[in-house]
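This report goes through one protein chain, part by part. Look at the sequence and the model first, then read on.

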Amino acid sequence: MPELPEVETTRRGIQPHLVGETILYAIVRNSCLRWSVSQEIYKISNQPVLSVQRRAKYLLLELLYGWIIIHLGMSGSLRILPKEQPAAKHDHIDLVISNDKLLRYTDPRRFGAWLWSTNLASSKVLAHLGPEPLSNDFNWDYFYEKSRHKLIVVKKFLMDNKVVVGIGNIYASESLFIAGILPYRPTGSLSEEESQLLVATIKALLIRSIEKGGTTLRDFLQSNGQPGFFAQELQVYRRADDPCYSCGTKIIHSKHGQRSTFWCPNCQH
């Protein structure tokens, strides 16, 4: 599944082609995604694009009379293409733009979403979300206070969108390795110093990944069709039984709650 850096990379890729242009109309070839495509999207006609934003892993296209909320799901991608580009099997939605281009949504597994909202604050998919990890609201003091007396393991805590948004499996595993924290430690056991280090690590890691265009795993491509390059810098994720780059100990892999977890038993405590 595309994580926050991949979604942010996509946002930055499509924004210059959309903002200041007009969506002439939408083509919906398959409405059966995670949720049915909102009927308002079918009716879009000559709507200027005011901004392209991101909240957690959702892309938000601000139009004159409302917002298109897009989630890429497990395998979705957005690309800017020439207007005459023929559609392929898994090309489910096109937004035809006034600059003779189109924004095409491709999703082999059809687990993404295209929703409409006139008020983001009351949107059912956005209202419950915690702070953005790169915002000032997500700081070590917030994290430390939120984690007190919590028995939930720290990796699962990091992946709770009510605590902080956008930290998926890859970046939770990588952040905990860099911070030297075992993923199965109870969250409440983290000290103030560990909380400071972990929050700083998360922010630095996400910024670095965005700079590299995200992580290429399975289906992710940037909006220009090119892969991200952060996968080359992964320290533990999907490196089971390989030697740790820091100490040479074999990386451990296990599953917890149907999620793969990777860590170094020597470097993380």
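In what order do the eight strands of the open sheet stand? The order is E5-E7-E6-E1-E2-E3-E4-E8, and the pairing is antiparallel. Strand E5 (77-82) and strand E8 (113-117) stand at the edges with a single partner strand each, so one side of each has no neighbour in the sheet. On average, neighbouring strands of this sheet are turned by 35 degrees against each other, direction ignored.

The model is predicted: local features need pLDDT of at least 70, side-chain atom pairs count only at pLDDT 80 or more, and totals for chains, interfaces and linings use all residues. Residues are numbered from 1 along each chain as its sequence is written, and side-chain values use heavy atoms, with hydrogens and water left out.

Some terms come first. Helices (H or I, at least four residues) and strands (E, at least two) are DSSP runs, numbered from the N terminus. Two strands pair if DSSP finds at least two bridges between them. Axes are lines fitted to C-alpha atoms, for helices over the stretch in contact, and angles run from 0 to 180 degrees between N-to-C directions.

**The sheet around E6**

Strands of a sheet pair through backbone hydrogen bonds, either parallel or antiparallel. Strand E6 (residues 91-97) is mostly covered, with seven of its seven residues buried; buried means under 20% relative accessible area, exposed over 50%, and partly exposed in between (1.4 Å probe, protein chains only).

| Strand pair | Bridges | Sense |
|---|---|---|
| E1 (residues 22-28) and E6 | five bridges | antiparallel |
| E6 and E7 (residues 101-106) | five bridges | antiparallel |
| E5 and E7 | six bridges | antiparallel |

Single residues show these pairings. Isoleucine 23 stands opposite isoleucine 97 in E6. Leucine 95 has leucine 103 in E7 as its bridge partner, and leucine 78 stands opposite tyrosine 105 in E7.

Helix H1 (residues 4-18) packs on the sheet, where it touches strand E2 (45-55), strand E3 (58-63), E5, E6 and E7. Contact means heavy atoms within 4.5 Å. The direction of H1 makes about 150 degrees with that of E2.

The hairpin of E6 and E7 has three residues between the strands. Aspartate 100 lies in the loop between E6 and E7, and has a positive phi of about 65 degrees although it is not a glycine. With a relative accessible area of 52%, aspartate 100 is exposed.

Alanine 56 is in the loop between E2 and E3. Its phi is also positive, about 55 degrees, although alanine 56 is not a glycine. At 3% relative accessibility, alanine 56 counts as buried.

**Helix H6**

How far apart are the end C-alpha atoms of helix H6 (residues 192-211)? They are 29 Å apart, which agrees with the 28 Å that its 20 residues should span; the expected span is 1.5 Å times one less than the number of residues. Among the buried residues of H6 are Leu198, Ile202 and Leu206. The buried residues of H6 pack against H1, helix H3 (140-147), helix H4 (154-158) and helix H5 (169-179). Just after H6, glycine 213 takes a positive phi of about 85 degrees.

**Cysteines**

A search of the whole structure finds zero disulfides, a disulfide being a pair of cysteine sulfur atoms within 2.5 Å. For cysteine 247, the nearest cysteine sulfur is that of cysteine 264, 3.6 Å away. Cysteine 247 counts as partly exposed at 33% relative accessibility, and cysteine 32 counts as partly exposed at 45%.
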